[in-house]
Amino acid sequence: MSELSGLEIRGLRVSFDGFTAVDGVDLDVTPGDLRFLIGPNGAGKTTLVDAVTGLVKAQGSVLFGGAELLGRSVHRIARSGIGRTFQTATVFEELTVLQNLDIAAGAGRGMLTMLRRRKGVPEPVARALETVGLTDQADSLAGTLAHGQKQWLEIGMLLVQDVRLLLLDEPVAGMSHDEREATGELLEHISEERTVVVIEHDMDFMRSFARSVSVLHAGRVLSEGTVAEVQADPRVQEVYLGHAAGGAVASATVPEVGGV
Ligand SMILES: Nc1ncnc2c1ncn2[C@@H]1O[C@H](COP(=O)(O)OP(=O)(O)OP(=O)(O)O)[C@@H](O)[C@H]1O
């Protein structure tokens with residue numbers, strides 16, 4: 001089992017040519033949390049994840065398991081046990097599911113070891129296949145998988161690398177209802193042994209599966225807590241509904257607002 005580690009972000013700031021996309025964010029994700037990051041378009045969610053994974057330069061501090069990530073290269077951060085997915089699945093479509101997982105598993109190994117033929121399916125790969133429900137598709141080309149299955153394969157590729165913090169960008173976008181349910185259950189399962197952060201616009205999905213929620217707005221943390229707590233926060237209602245909570249609006253809950 002992986003050792004559980006949490007994320008401690010302090011005073012995180014990211015600017016692009018004078019525009020501040022992340023504006024002094026403090027965020028604590030406890031080990032084994034299933035944290036949802038929500039917020040309107042442009043709130044800074046993806047930029048925050050980019051900063052944690054080393055894709056953009058940032059100021060402040062990001063500790064994972066007590067170690068500072070800011071200033072490290074993308075590769076070193078990945079080797080620290082941090083993995084992410086992007087809005088569009090990035091699997092090798094011409095290779096089989098198994099080959100995709102094998103390549104991911106070998107990411108930290110030397111080329112010779114990678115090229116050496118191995119008998120059978122390595123144990124971590126078999127376990128990842130099982131966890132993401134793709135055992136029966138092991139020999140199928142990744143390009144033939146359903147949309148949801150490609151996302152699961154990508155998550156499997158993080159699992160075989162024994163990533164301890166998964167940062168997932170809109171994992172259920174474009175999925176069917178059943179695929180969303182299966183994904184939510186998968187994330188619940190994964191977060192028993194790892195820390196999971198999910199950027200999400202799907203409020204129903206968030207309501208069903210978030211263990212905790214941070215709401216970002218204009219580069220800052222607007223609200224934080226359980227689903228019920230952030231839904232009841234008038235500042236969150238204001239951001240999502242576009243006007244101050246009051247009267248009938250106060251009884252409206254974030255998940256009722258479509259298309260956020
Ligand atoms: N490379 C960049 N150069 C300039 N501005 C950028 C860059 N990346 C992001 N931004 C800006 O930073 C702000 C935050 O963007 P970001 O993508 O982090 O928001 P988000 O909350 O993830 O939004 P969405 O939900 O639409 O994905 C936006 O105004 C965006 O235009």
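The structure is a predicted model, in which local features need pLDDT of at least 70 and side-chain atom pairs count only at pLDDT 80 or more, while totals for chains, interfaces and linings use all residues. Residues are numbered from 1 along each chain as its sequence is written.

The protein chain holds 11 helices and 10 strands, where helices (H or I, at least four residues) and strands (E, at least two) are DSSP runs numbered from the N terminus. Of its 260 residues, 42% count as buried; a residue is buried if 20 or more other C-beta atoms lie within 10 Å of its own, exposed if 12 or fewer, and partly exposed in between, with C-beta atoms placed from the backbone. Among contacts with a separation of 6 or more, 64% link residues 24 or more positions apart, a contact being a pair of residues whose C-beta atoms, placed from the backbone, lie within 7 Å.

Beyond its neighbours within four places in sequence, Leu153 is in contact with Val91, Val97, Asn100, Val132, Leu134, Ala142 and Leu145.

**Strand pairing**

Four strands form an open antiparallel sheet in the order E2-E1-E4-E5. Strands E2 (19-29) and E5 (67-68) stand at its edges with a single partner strand each, so one side of each is left without a neighbour in the sheet. Helix H1 (residues 45-52) lies across E1, E2 and E4 and runs at about 70° to E2, the axes being lines fitted to C-alpha atoms, for helices over the stretch in contact, and angles running from 0 to 180 degrees between N-to-C directions.

Strand E8 (residues 195-199) has 5 of its 5 residues buried, so it is largely enclosed by the rest of the structure. Both of its faces are covered, with Thr195, Val197 and Ile199 buried on one side and Val196 and Val198 on the other. Strands E3 and E7 each pair with E8, as the table lists; two strands pair if DSSP finds at least two bridges between them.

| Strands | Sense | Bridges | Residues facing each other |
|---|---|---|---|
| E1 (residues 7-16) and E4 (residues 59-64) | antiparallel | 5 bridges | Arg13 and Gln59 |
| E3 (residues 34-38) and E8 | parallel | 4 bridges | Leu34 and Val196 |
| E7 (residues 165-169) and E8 | parallel | 5 bridges | Leu166 and Val196 |

Glu185 has its place in helix H7 (residues 177-190) and counts as partly exposed because it has 13 C-beta neighbours inside 10 Å. The C-alpha atoms of Glu185 and Phe209, 24 residues apart along the chain, are separated by 7.9 Å.

Terms used. Contact = placed C-beta atoms within 7 Å.
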